[in-house]
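Subject: Structure handover

Hello,

Here is the structure you asked to look at. Please open it next to this email and follow along.

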Amino acid sequence: PNKNCPAEVTPMTPVKSKLVNAIKAMSAVGNTHINHGAVWGWRMLSPKWRGLWGGDMSSYDLPLDYGTKSMNKAAVIMTDGENTMSSDVYTAYGWLDDKRLGTSKSAAAVSELNKRLSTVCTAMKNAGVIVYTIAFNRPGKSTEDLLRSCATQDAFYFNSPSGSALRSAFEQIGGSLSNLRVSR
């Protein structure tokens, strides 16, 4: 069932090399389902999943509870493409003809994927998670608008059409999180 999801989630860790190696091992295949990345990011932050990740997360008893003093929970959702669902690619939802998104029509399935992303973004924000979003390499106006509405506030949405703009976005996100930490 996870044919086009070749890498498992990398648990939170203070070991930079683990994260860098996981990022280097990533490769894009199949369709884009932005909501899946958002859901798994939220699971990494939700205390409901504490104890299930092992490694450093178990050692540090992560994820912490919502509202823990001197702590913020933040997610960065980034995509370089719009949500897609095609009939010739097996996905986490199976085949398009399986109608697991309520339809066998590609455009309607994409609309459902967009709705599911909006739903998870709203739920994360309601739980107190700060949501940053990045549209990398011009994924298209509808995706950019979707990501803009997903961010906790307008200043937390970044349109990054190039590698240098992407680096700048991550620097601004890091600065924003540092400022939040200092202000508390």
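R138 is exposed, with a relative accessible area of 60%. Exposed means over 50% relative accessible area, buried means under 20%, and partly exposed is in between (1.4 Å probe, protein chains only). R138 sits in the loop between β2 and α5. Its phi is near 55°, a positive value in a residue other than glycine.

Before going on, two notes on the source. This is a predicted model: local features need pLDDT of at least 70, side-chain atom pairs count only at pLDDT 80 or more, and totals for chains, interfaces and linings use all residues. Residues are numbered from 1 along each chain as its sequence is written, and side-chain values use heavy atoms, with hydrogens and water left out.

The element names come from DSSP runs, numbered from the N terminus: helices are H or I with at least four residues, strands are E with at least two.

**Loops**

S70 also has a positive phi, about 60°, although S70 is not a glycine. Look for S70 in the loop between α3 and β1. S70 is exposed, at 57% relative accessible area. P63 lies in the loop between α3 (55-59) and β1. The peptide bond from L62 to P63 is cis, with omega near -5°.

Now take V89. This residue lies in the loop between β1 and α4. Is V89 buried or exposed? At 16% relative accessibility, V89 counts as buried. The C-alpha atoms of V89 and G30 are separated by 6.2 Å. Along the chain, V89 and G30 are 59 residues apart.

**Helix packing**

Two packed helices are described by the angle between their axes and the distance between the axes. Axes are lines fitted to C-alpha atoms, for helices over the stretch in contact; angles run from 0 to 180 degrees between N-to-C directions.

Start with α2 (residues 34-45) and α4 (residues 106-126). They pack at an angle of about 20°, with axes 8 Å apart. That makes α2 roughly parallel to α4. The cut-offs: under 35 degrees is roughly parallel, over 145 roughly antiparallel, 65 to 115 roughly perpendicular, and the rest oblique. The crossing of α2 and α4 is left-handed. Left-handed means that the near helix is turned anticlockwise from the far one by less than a right angle; right-handed means clockwise.

Which residues of α2 and α4 meet? From α2 come I34, N35, A38, V39 and W42. From α4 come L113, R116, L117, V120, A123 and M124. Contact means heavy atoms within 4.5 Å. By class, this contact has nine nonpolar, one polar and one charged residues. Ala, Val, Leu, Ile, Met, Phe, Trp, Tyr, Cys and Pro count as nonpolar; Asp, Glu, Lys and Arg are charged; the others, Gly among them, are polar.

Next, α4 and α5. Their angle is about 20° and their axes are 9 Å apart. That makes α4 roughly parallel to α5. This crossing is right-handed. On the α4 side, the contact uses N114, L117, S118, C121 and K125. On the α5 side, it uses L146, L147, S149 and C150. These residues divide into five nonpolar, three polar and one charged.

**Cores**

A nonpolar core is a set of buried Ala, Val, Leu, Ile, Met, Phe, Trp, Tyr and Cys residues joined through side-chain atoms within 4.5 Å. The largest one has 25 residues. I77, L117 and M124 have the most contacts inside it. At least two residues each come from α2, β1 (74-79), α4, β2 (130-136), α5 (141-150), β3 (157-160) and α6 (163-183). The largest share, five residues, is from β2.

What does M124 touch? Not counting residues up to four places away in sequence, M124 touches A38, W42, A75, I77, V129 and V131.

S160 is in strand β3. At 1% relative accessibility, S160 counts as buried.

T143 lies in helix α5. T143 counts as buried, at 4% relative accessibility. Beyond residues up to four places away in sequence, T143 touches I34, T79, G81, E82 and N83.

Best wishes
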